[in-house]
Amino acid sequence: MRTVILISLSALVALTHSQCRQAEKKNEVRILGIYGSPAPLWEKGHRLDSLSVNAVFLNWHSINDSMLLRTRSEGAKVFAEFPLLNGKGYVENHPEAWAVDDHGKMVEPATWFMGVCPTDTAFREYRTAELHSLLNRFDLDGIWLDYLHWHAQFEDPEPILPETCFCDRCITLFGKEMAVKVPPGDTPARASWILSSADSLWREWRCRVIAGWVKEMRGIVKGHDPGMLLGIYHCPWNDDEFDGAQRRILGLDYDMLRGVTDVFSPMVYHARMGRTPQWVGENTAWLCDRLGIKEGEYPRVWTIVQAYDEPYTVTPEEFSQVLHLGTAGCSSGVMMFTSRAVAQNDDKIATMRKVYGSMKQNGR
Ligand SMILES: [Zn+2]
């Protein structure tokens with residue numbers, strides 16, 4: 001009986017929160033977010049509302065009840081980052097899920113990223129179960145899919161862009177789903193045939209696989225609570241950069257993703273990616289045009305900009321600049337990577353407070 005009462009109370013709280021979200025939808029405010037736990041800011045004596053922060057995005061493993069409670073009491077939403085196709089910690093024990101390159105070799109980690117083969121059924125079940133468990137455990141405002149691409153590394157100035165995945169399962173599925181008869185042979189021979197004779201269909205199929213993941217995760221999220229948002233952290237490149245690698249290698253097709261995503265969060269890490277601060281604004285405006293959306297419409301764009309000092313010191317002035325530029329075009333939200341990088345520098349905290357305070361005041 002006690003269990004029943006607890007479940008009912010918990011369901012009531014969830015329902016109330018869901019109704020609040022629907023009411024808020026009619027009068028949405030700009031998202032002024034942080035990426036990472038608020039704890040480093042709290043440890044320095046700050047409150048989220050006094051910093052004008054109204055949204056916290058953080059890895060789902062970092063969420064706990066007391067953090068959630070305090071964040072909500074300070075007026076901020078909570079969005080969980082969910083690392084979708086990062087196979088680190090999984091592929092080591094499940095070699096059948098290890099991505100294979102065009103030489104038939106198991107790929108090397110791309111610096112710190114180890115991509116999984118996105119067609120591995122057991123891995124899909126594993127991730128899906130994790131998502132269900134997360135949704136049942138905490139009442140969240142949304143799920144942000146991260147590591148959404150085939151095995152590669154796009155966050156370095158010189159990106160790592162291998163051709164994958166040519167495991168037997170991927171080749172068979174590709175042939176079946178795209179009605180292509182791949183000639184028999186060893187993996188390098190079949191990969192070579194695909195890349196020379198069916199390249200366009202291969203790229204299309206790979207994008208469909210990624211969009212299929214997003215669609216499935218979205219179905220789970222919306223099935224749990226139609227008011228929750230499904231966002232994606234993604235490579236910010238335009239269609240032409242690195243010979244079209246966004247679609248060609250990463251498997252991200254903006255047209256396919258547009259219909260299954262509530263919020264696009266381009267990772268515009270200017271310093272890390274060897275770009276200028278101005279590029280943040282240019283890229284954000286480009287994405288808005290590319291997606292064909294206007295301010296106030298879905299899907300939305302909420303950018304994530306760089307606060308941390310790598311490979312050089314991002315000054316408070318530069319941080320202020322990229323926060324502003326992250327709201328260019330149709331963007332209706334901005335956050336920074338990371339909350340800890342801001343908390344470590346009092347001038348960056350003051351910058352965030354000033355910029356967010358002014359955006360809250362002016363609606364921009
Ligand atoms: Zn594969």
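## Helix H10 and its neighbours

What do the buried residues of H10 pack against? In this predicted model, the partners are helix H9 (254–258), strand S6 (263–268), strand S7 (300–306) and H11.

H10 itself runs over residues 277–291, and its length checks out: at 1.5 Å a residue, its 15 residues should span 21 Å, and the end C-alpha atoms sit 22 Å apart, which agrees. Buried along H10 are Pro277, Val280, Gly281, Asn283, Thr284, Leu287, Cys288 and Leu291. Around the axis they take up an arc of only 165°, so they end up on the same side of H10. Just past the end of H10, Gly292 has a positive phi of about 65°.

## Helix H13, face by face

H13 covers residues 346–362, and here too the numbers agree: 17 residues at 1.5 Å each should span 24 Å, and the end C-alpha atoms are 24 Å apart. Its buried residues are Lys348, Thr351, Met352, Val355, Tyr356 and Met359. Looking down the axis of H13, you find them within an arc of 115°, so they line one face of the helix.

What lies over that buried set? The cover includes strand S1 (31–35), helix H11 (316–325) and helix H12 (339–343). On the face of H13 turned away from the buried side, you'll find the exposed residues Asp346, Ser358 and Gln361.

## The largest nonpolar core

The largest nonpolar core has 99 residues, and those touching the most other members are Ile143, Trp144, Leu145, Met335 and Met336. Helix H7 (residues 199–224) supplies the largest share of this core, with 8 residues.

Take Ile143: setting aside neighbours within four places in sequence, Ile143 is in contact with Ala80, Phe82, Val221, Met228 and Leu230.

Conventions:
Residues are numbered from 1 along each chain as its sequence is written. This is a predicted model: local features need pLDDT of at least 70, side-chain atom pairs count only at pLDDT 80 or more; totals for chains, interfaces and linings use all residues. Helices (H or I, at least four residues) and strands (E, at least two) are DSSP runs, numbered from the N terminus. The expected span of a helix is 1.5 Å times one less than its number of residues. A residue is buried if 20 or more other C-beta atoms lie within 10 Å of its own, exposed if 12 or fewer, and partly exposed in between; C-beta atoms are placed from the backbone. The arc is that of the directions from the helix axis to the C-beta atoms. Two residues are in contact if their C-beta atoms, placed from the backbone, lie within 7 Å. A nonpolar core is a set of buried Ala, Val, Leu, Ile, Met, Phe, Trp, Tyr and Cys residues joined through C-beta atoms within 7 Å.
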